[in-house]
Amino acid sequence: MTKGADFLLDQVSVQYQNTLALDEVTLSIAPGEAVGLVGPSGSGKSTLLHLFNGRGQPTGGWASVSGKRLIDYGRRDLKQLRSRIGFIDQGLNLVPNLRVSQNVIAGRLGQVGFARSLSMLLFPSRAMLREVHELLERVGIPEKLFERTDRLSGGQQQRVALARALFQKPVALIADEPVSSVDPARARDTIEQLTRISREEGLTLCMSLHNFELAREHLPRLIGLRDGKVVFDRASEEIGDEQFDALYTLEKNEMWRDGA
Amino acid sequence: MGPDAIPRQSPLGMRAAVLLSLLAAGGISLGYLGVAISDLTPSSGGMATAWKFLSRAASPAFVSEARFVPADAPPLIMIALDAAWNTLLTGAAAMGLSLVMGLVLGFAASSAWWRNPGVDGGTGLDGVLRRSAAPAICAASRLLIILMRSIHELMWAVLFLAAIGLNNLAAVIAIAIPYAGTLAKIFSELIDEAPRASARSLRGLGASGVQTYCVALLPCALPDLVAYAFYRFECVLRSSAILGFFGFPTLGLYIRQSFNATNYGEVWTFLYALLALVILADTWSGAVRKRVLA
């Protein structure tokens, strides 16, 4: 797998029982490209992101990652794919009562066997700890190396999640609303870090965001989703406020549905 | 939404209904057993024995009360300390063994490690086998756990006493089996109830089911597991003492011998030794639990 994965969706639909989460979506993301997904809750952003590391499978059409269709990935290939795609979940989902160093090291679990994973978590080598420390330095919290993760602030935990993703030596970074639970200053800082590091490392970056300003400022290409369909897919500077507002305007039946 | 669409609420909550049902079942059972309050009245002989025994609570023996004591017999206090030490060793060994078995069986019996939809993907034979083998292992483990728990340690002791004779190994295994069953059941439930978001996230990074179990689920459930294991350690000490009634050299052996010889002062000495042991274990486990749960 070369550095910077590429993603391709061709007429992809994803159906969960009675809900059509994605409806014939076609798009491609080139290696090293930075793309933002915007759209209201339930528009299919997370479903789309989960296709990129094979956590989800299309129920219609086909999706490919790094030139290979998802359906052709065997169990081992899928494990290998996941191990090289850094995925930052919306809730971060770090292991709360492990140390920061252990959470970061856990990023490489998919690349080693069971015995090795236990030994590197319980008795990490000096070289590995140095590597983790360097990553924490890069994200700005080197002093938290041996701190318990649940004792960190939300912003610091986000940095740990980023360090964990980078420890995977990933070919792509996927972030599902990474700044949904932090204040605007920290949100800006996190997005800056994500985009800067992806650029420096030549990684493909794809993240979903609700903050249009941040998305437009830091991501050169934005894809707007609504009801599982792509509403727009173009350069950030070509997208006006009115298009973004239209994306988020609730229709009357949606207000009733969401209890607004 | 019209008034007809509002779902009807039971005037009695589900929990209250369950509680009342349990109380009713208890009452009916007592009735069938023919239990009466008058059964509590002791016989005159029984009352005198009970009084003799209880009156020695404030004056336990410090020297042997036996009529004949061999010249080379150790002092009573040393016997009590030695019996307490044996009780502790037997309990600790049984607990260690049951912890290992409990963790392994708890893992196999918890559904958390195999119920990961879409993770062990593949619609081929390999995927189908994996998805069907895992629930089968889980069901077999749960059956084994039920078997281990359903037989009391005293019954296991009788069995092992007959099979391998009166030795420490028999006592340790007799306690370890039912305790491992109980630990495995509680462990599997605690693991299944632990938050799964971290585990799902690690699976998304390519971690295997066993890795996820050890690195995400187990640490999340660990404070509760440790708290419960320590609670069981207090219980194992009592079980270890009770096995003495079958001849194993723990506190129970001396309690039974002294009771049979009506040396009630000695009985209290051994009971206080057991009490001290349990209080020590409780204090220690309380301190550890405080650190783990912090």
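In this predicted model, the C-alpha centres of domain 1 and domain 2 of chain A are separated by 26 Å. The domain assignment places residues 1-84 together with 172-260 of chain A in domain 1, and residues 95-169 of chain A in domain 2. Where the two domains of chain A meet, the contact draws 13 residues from domain 1 and 10 residues from domain 2. On the side of domain 1 of chain A that touches domain 2 of chain A, two or more residues are given by each of helix 2 (75-83) and helix 7 (184-201) of chain A, and helix 7 of chain A gives the most, with 5 residues. Sorted by class, this side of domain 1 of chain A holds 5 nonpolar residues, along with 4 polar and 4 charged ones.

A further contact is found between the chains, and to this contact chain A contributes 26 residues while chain B contributes 23 residues. On the side of chain B that touches chain A, at least two residues are supplied by each of two elements of chain B, namely helix 7 (197-204) and helix 8 (209-242). The largest share of this side of chain B, amounting to 8 residues, is provided by helix 8 of chain B. As for the classes of residue present, the side of chain B that touches chain A is made up of 11 nonpolar, 9 polar and 3 charged residues.

How values were computed:
Residues are numbered from 1 along each chain as its sequence is written. Chains are lettered from A and ligands numbered from 1 in the order in which they are written. This is a predicted model: local features need pLDDT of at least 70, side-chain atom pairs count only at pLDDT 80 or more; totals for chains, interfaces and linings use all residues. Two residues are in contact if their C-beta atoms, placed from the backbone, lie within 7 Å. Helices (H or I, at least four residues) and strands (E, at least two) are DSSP runs, numbered from the N terminus. Ala, Val, Leu, Ile, Met, Phe, Trp, Tyr, Cys and Pro count as nonpolar, Asp, Glu, Lys and Arg as charged, and the others, Gly among them, as polar. Domain bounds come from an automatic or database domain assignment.
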